[in-house]
Each structure stands twice: as structure tokens, then as C-alpha cells.
Amino acid sequence: MSLLQVKDLTKRFGGLTAVNGVSFEVKEGEILSVIGPNGAGKSTLFKLITSFLKPSHGTITFKGEDITHLPPHVVARKGIVRTFQETNIFKEMTALQNVVLAHHLRCRASSWGIFFNSRQARKDETEFHQSALEILTYLGLAALKDEEARNLPHGHLRALEIAVALAANPTLLLLDEPFTGMNPEETDTAVEMVRGIRDRGVTVILVEHDMRAVMKISDRIVVLNFGTKIAEGKPKEIQQNPAVIEAYLGKEDEEAGF
Amino acid sequence: MAATRKVESERVEEKVREGGKGKPGILSSVLPFSLSSVLLFFLGLIYLIIFPLLYRDSRYVLGVVINASMLSVISLGVWLTFTIGRTNISQGAFALIGGYTTAILSVRYGVSFWLCLPLSGLMAALIGALIGWPILRLRGVYFAMITLSLTEATRLAFLNGGDFTRGGTGIVDIPRPGALSIAGITLIPAFKGSDPLPFYYLAASLLVLTLISLRRLTQSRIGWVFRSLRQNEELASSIGINVAKYRVMAYAICCFIGGLGGSFFAAFQQNIYPATYTVTDSIYFMLYCFLGGLDYLFGPVVGAFLLIISFELLHSIQTYQTMIYAIIMITFMLWLPNGILSLRFKK
């Protein structure tokens with residue numbers, strides 16, 4: 001059975017249809033990329049899956065359960081966690097504090113327990129601290145754990161965002177343009193990192209513009225154009241798909257020189 | 001700007017190479033306790049024991065410090081809502097609600113002050129949670145505006161409360177706190193006559209208790225969650241934090257503290273009117289926080305004591321009092337935008 005099913009998903013903003021009747025499935029343990037030209041509705045699709053936006057039409061099923069109308073924090077609790085296109089981090093906290101905080105949904109102590117520092121609360125915090133260090137080490141950030149997030153350079157910041165998302169213990173991780181602003185070398189490292197995350201048992205969906213990275217990393221690709229799904233398949237198939245080539249490069253007879 | 005950025009990133013790179021080994025502070029490795037905790041201990045000693053013994057006969061001095069202490073308590077609530085990134089100008093409303101709860105319960109139903117005090121806090125917290133749920137969706141100046149109108153709306157509600165709140169004449173002759181005894185043992189003797197000393201001890205205990213509770217709260221995970229809401233609500237909800245729940249929690253705790261303060265002043269002044277707390281008071285509660293520094297738990301305490309005491313000192317030059325006061329305020333806002341405590345404690 002597939003982990004996530006998106007069925008006939010539509011989102012309208014007034015007269016604009018950002019996502020139009022999109023359906024696809026994500027299998028457990030795969031890396032699925034969503035690509036498409038600017039404004040194709042990729043980020044809107046992400047926001048719909050994580051409930052940051054409510055769809056106008058259609059359903060989202062996760063592990064056989066309809067999650068379409070749940071609030072975002074409940075969707076996160078079910079195991080769907082996203083990163084953001086723009087840098088999104090708790091800037092005034094250190095790297096370690098960011099990741100420790102992000103363990104929040106594994107908290108077993110009640111609010112009163114936390115206030116009175118009960119045994120459960122202390123146990124939680126020790127556990128989160130260890131787990132956070134482990135995640136930071138895994139992503140190569142251990143040396144920067146006490147650095148305030150706003151002082152981190154871009155590449156490390158991206159890794160920290162992924163660390164924060166991983167701390168929330170996702171089954172399904174949605175990465176919104178994780179390789180933006182990286183040089184080829186950094187991208188290669190990041191691609192390996194995402195593969196490593198998948199090998200830890202996390203299913204990954206990512207939106208990305210860097211075609212080289214997408215072709216390298218994806219098990220399957222979904223292509224959107226003007227909010228509609230125009231193709232789906234393995235990287236090889238997508239590269240040769242005429243509809244995809246048209247969407248990216250325009251029709252041959254319209255563009256002189258191709 | 002570009003140069004400092006470069007230096008910053010170089011420093012980070014250096015750290016990566018070093019493997020993140022930082023130098024521990026020299027003092028903290030020698031002493032089992034920090035200097036600031038020693039300072040706090042002595043301040044607490046003076047405040048709770050030495051000061052009231054020295055000034056036990058000076059009604060005026062005790063009165064000023066009682067005022068400053070309880071206004072600090074009320075402002076500490078507002079400070080908590082600053083930690084979730086909301087500028088709250090509604091604290092006067094909840095002090096009013098707390099005050100009226102105590103007034104009505106004790107005058108009409110003869111309930112003991114020691115029961116009225118927590119009940120007033122709870123009543124304010126309950127109303128705060130109900131109102132906070134919808135309005136906390138707003139941020140920035142919109143939240144500030146709606147909380148400001150809330151103060152005014154609450155004043156009007158009590159003014160037009162008919163026989164229940166006795167309108168503009170207010171509720172007077174609120175009894176002084178009686179004895180608190182449990183199982184025949186008197187824990188607190190009745191507050192007799194017009195001696196302000198027992199009120200001093202009560203105000204001081206409430207301030208210390210509020211400070212300890214808030215310190216515990218802000219250092220716990222809940223405090224981290226609050227600060228995460230100030231920095232990025234979107235990210236907080238994406239990692240599974242129930243944003244609505246925690247911001248209502250912060251606001252309700254703030255209102256609880258406001259209710260306690262209102263209840264105290266009702267018993268202390270023995271009266272309450274709709275005009276006891278107005279929009280001006282709500283703004284002052286917020287100003288104390290700004291003045292002391294929003295990043296510091298002691299911010300509102302420092303702000304409140306400084307403003308209230310300087311206001312009293314300026315009393316002799318009455319004509320210019322407000323003007324000098326305003327100049328002090330403007331100067332501080334201009335030169336110390338992060339509050340007075342930012343002078344000593346660099347972040």
C-alpha cells in the first residue's frame with residue numbers, strides 16, 4: 001500500500017487555480033521529486049499536503065487515513081514534516097536549542113510536569129538532548145551546536161533546517177528546494193545527505209529546480225505545469241517525455257533556434 | 001555591513017575547524033554559584049527582611065514600595081505575552097476583572113480574601129482564555145489595538161453593570177484580609193487597622209513567588225515553545241507545536257497574574273471603580289516591560305520600580321513632573337531601546 005495518496009487535489013485562489021486536479025501516490029521508502037517551471041504550483045502542493053492551506057477540492061490520505069482537514073500541527077504529529085523554501089529557523093536560538101525544541105511532539109510529560117520539572121520531563125529532555133546531538137553529528141553540524149542560528153552560513157543553515165525537521169521524527173519528509181543557493185559540490189554532499197535520510201527509513205518528497213540533482217536523487221518524478229500534472233515516471237522517462245520538454249523549453253516551432 | 005558578515009562567517013568556519021571547543025568562563029569554573037545569584041540573594045534579603053524592618057513606621061515609603069511591587073507583578077504578566085511576540089495592552093482589563101471579583105465576592109457574599117485572591121486570578125484567566133482564543137490570531141499592531149480597546153470595553157462593562165457592579169460609584173468598604181487558618185492553626189493573622197506592613201509582606205511574597213514561577217516557566221520547555229512562537233509560528237506548527245494552545249496558555253497566565261494584582265489592590269485600597277484601571281494603566285504595564293528590557297525577566301520589575309520611585313521623587317516639582325518624566329522616558333527609548341538591563345547583561 002502506498003504511504004501517501006493525493007487524489008484530485010485542487011486549490012483555487014480567487015480566479016487563479018494554483019493546483020488543478022492533481023493525483024499521485026508516494027510509496028514507502030522512495031524519493032519522489034516534484035518539478036515544474038516557476039509558478040507551476042509545487043509549493044502550493046506542499047502547503048496542501050502539510051495542511052498549511054486547505055484544498056478547494058480533493059483528498060489527501062496518509063497511511064490509509066484521511067488527513068485533508070486536520071490542522072498543521074496534527075499533520076506533523078501523524079508524521080508529515082516539511083521544510084520551507086525560504087530560510088525558516090528559530091534565529092535567536094542556538095543550533096542545538098533549535099533541534100532540541102523540535103523534538104516537541106515526542107514529549108510525554110504534561111504541561112504541569114514540565115513546569116514542575118517532573119521525572120518524566122527530565123527524562124524527555126535528556127533523551128531529546130542526546131537525540132539532537134546525534135542528528136547534528138549526522139548532518140555534520142556538531143561543531144556548530146552552540147552557535148546562534150542567525151550566524152550560520154547558508155549551507156549549514158539548510159542542513160540545520162533539515163535537522164529540525166528530522167527531530168520531529170517524520171515518516172514522510174517534504175523538502176522545499178533544499179539545494180537552492182548551493183554550489184555543485186555542496187549539492188552533491190546534500191544529495192548524499194538526503195539519500196542517507198531515506199536509508200534511515202524516511203520517505204522523501206522534494207521540490208527542486210536543480211535538474212542535475214533531481215535526476216541523480218529521484219526514484220520517481222512528478223512534473224507539474226500550470227497546476228496540472230503533465231507527467232510522472234522514472235528520471236529517464238521524464239527526460240525523454242515530449243510534454244515535459246515542451247513545458248520547460250517551449251514548442252519547437254514557437255521558439256526560433258531550438 | 002558586508003565586512004562584518006564576512007568576519008562572522010570566518011569565525012564560524014574557524015569553529016568548524018576547531019571542533020567547537022569553547023573556553024569555559026574562569027569564574028564559573030571556580031565558584032559553585034554565579035555572582036548574579038549571590039547578588040540576587042542579597043537583594044531578596046534586603047527586600048523581604050531588612051527593608052520592612054527599617055521602614056516599618058513610614059507609611060509613605062512602604063506604600064510606594066507596595067505599589068511598585070504589585071505593579072511589577074501585574075507587568076510581569078504582560079512581559080510573558082511579549083515572549084510569545086505579542087504587544088499586550090489589555091492587562092488593565094484583567095486587573096479590573098480581578099479587582100471586581102474580589103470586591104463582589106467579599107462584599108456581597110462574605111468570601112474570605114484568601115479565597116478571593118486565587119479565584120480572582122482564575123476568573124481573569126478564564127475570561128482571558130475565552131477572549132484570547134480568537135484575538136491571538138492577530139499580530140503586531142493589530143493585536144495591540146484590539147487589546148487596547150479591550151481595556152476600554154471592560155471599563156465600560158463595569159460602568160454599565162447596573163446593581164451588580166454599582167456603576168460609577170464603584171464598590172467601597174471592601175474588608176481587609178481576615179485571618180487565614182487551616183484546621184484551627186492560624187497561618188496568617190488578620191490585617192488589622194490601617195497598618196500597611198502586612199500588605200508589604202503580602203506584596204513582596206507575591207512578587208517573589210511570581211518571579212520564581214515565571215523563571216521556572218521560561219527556563220522549561222514551555223518557555224522555549226513560547227519564544228519559538230515569537231520567532232516563527234509557521235515553523236513551530238510544522239514541527240508539531242499546537243500554536244493556538246500555547247499562545248492561549250501564555251495569555252491566560254498573563255491574565256491570571258493581572259487578576260491577582262487587581263485582587264490585591266482591591267483589598268489594599270478597599271475600593272474599586274471602573275476607572276481604577278484605564279487604558280493609561282494598561283500602557284504603563286507595557287512600558288515598564290520596555291523600559292527594563294523585554295529580554296530579561298527582571299525587566300518589568302526594574303522598569304516599574306524606577307518609574308514609580310522617580311515619579312515620587314519628582315513630586316516636589318509638581319508643575320514639571322510630567323514633563324521631566326516624559327523626557328526620561330524618551331531618553332531611555334532612544335538610547336537604550338533594549339531596556340535598562342541591556343547595560344549590564346549583554347546577550
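This briefing describes selected features of chain A and chain B. The structure is a predicted model. Chain B comprises 14 helices and four strands, and 41% of its 347 residues are buried. The contact between the chains takes 33 residues from chain A and 27 residues from chain B.

**Chain B as a whole**

- The secondary structure of chain B is made up of 14 helices together with four strands.
- Of the 347 residues in chain B, 41% are buried.
- Among contacts in chain B with a separation of 6 or more, 77% join residues 24 or more positions apart.

**Contact between chain A and chain B**

- On the two sides of the contact stand 33 residues from chain A and 27 residues from chain B.
- Four elements of chain A each supply at least two residues of the side that touches chain B: helix H2 (72–78), strand E6 (80–82), helix H3 (95–101) and helix H4 (111–115).
- H2(A) gives the largest share of that side of chain A, with four residues.
- By class, the side of chain A that touches chain B holds 18 nonpolar, eight polar and seven charged residues.

**Helices H5 and H6 of chain B**

- Two packed helices are described by the angle between their axes and the distance between the axes.
- Helix H5 (residues 91–109) of chain B packs against helix H6 (residues 113–135) of chain B at an angle of about 140°, and their axes are 8 Å apart.
- The angle makes H5(B) oblique to H6(B).
- H5(B) and H6(B) form a right-handed crossing.
- On the side of H5(B), the contact is made by Phe94(B), Ile97(B), Gly98(B), Thr101(B), Thr102(B), Leu105(B) and Ser106(B).
- On the side of H6(B), the contact is made by Phe113(B), Cys116(B), Leu119(B), Ser120(B), Gly121(B), Met123(B), Ala124(B), Ile127(B) and Gly128(B).
- The contact of H5(B) with H6(B) consists of nine nonpolar and seven polar residues, with no charged residues.
- H5(B) has 19 residues and spans 26 Å from its first C-alpha to its last, which is close to the 27 Å expected at 1.5 Å a residue.
- Because 16 of its 19 residues are buried, H5(B) is largely enclosed by the rest of the structure.

**Helices H4 and H12 of chain B**

- Helix H4 (residues 59–83) of chain B and helix H12 (residues 279–292) of chain B have axes that come within 9 Å and cross at roughly 70°.
- H4(B) and H12(B) are therefore roughly perpendicular to each other.
- The crossing in which H4(B) passes H12(B) is right-handed.
- From H4(B), the residues Ile74(B), Ser75(B), Val78(B), Trp79(B) and Phe82(B) meet Phe285(B), Met286(B), Tyr288(B) and Cys289(B) of H12(B).
- Eight of the residues in the contact of H4(B) with H12(B) are nonpolar, one is polar and none is charged.

**Helix H11 of chain B**

- Helix H11 (residues 243–269) of chain B has 27 residues and reaches 39 Å from first C-alpha to last, close to the 39 Å expected at 1.5 Å a residue.
- H11(B) is mostly covered, with 24 of its 27 residues buried.
- Just after H11(B), Gln270(B) has a positive phi of about 60°.

**Individual residues**

- Val141(B) belongs to helix H7 (residues 140–159) of chain B.
- Val141(B) is exposed because it has 9 other C-beta atoms within 10 Å, and a residue counts as exposed at 12 or fewer.
- Although 55 residues apart in sequence, Val141(B) and Arg86(B) are 8.9 Å apart in space, C-alpha to C-alpha.
- Asp8(A) is found in strand E1 (residues 4–13) of chain A, and its phi is positive, about 55°, although Asp8(A) is not a glycine.
- Asp8(A) has 12 C-beta neighbours inside 10 Å and therefore counts as exposed.
- Phe226(A) sits in the loop between strand E9 (220–225) and strand E10 (228–233) of chain A.
- The phi of Phe226(A) is near 45°, a positive value in a residue other than glycine.
- Phe226(A) has 15 C-beta neighbours inside 10 Å, so it counts as partly exposed.

Technical notes
Residues are numbered from 1 along each chain as its sequence is written. Chains are lettered from A and ligands numbered from 1 in the order in which they are written. This is a predicted model: local features need pLDDT of at least 70, side-chain atom pairs count only at pLDDT 80 or more; totals for chains, interfaces and linings use all residues. Axes are lines fitted to C-alpha atoms, for helices over the stretch in contact, and angles run from 0 to 180 degrees between N-to-C directions. Angles under 35 degrees count as roughly parallel, over 145 as roughly antiparallel, 65 to 115 as roughly perpendicular and the rest as oblique. A crossing is left-handed if the near helix is turned anticlockwise from the far one by less than a right angle, and right-handed if clockwise. Two residues are in contact if their C-beta atoms, placed from the backbone, lie within 7 Å. Ala, Val, Leu, Ile, Met, Phe, Trp, Tyr, Cys and Pro count as nonpolar, Asp, Glu, Lys and Arg as charged, and the others, Gly among them, as polar. The expected span of a helix is 1.5 Å times one less than its number of residues. A residue is buried if 20 or more other C-beta atoms lie within 10 Å of its own, exposed if 12 or fewer, and partly exposed in between; C-beta atoms are placed from the backbone.
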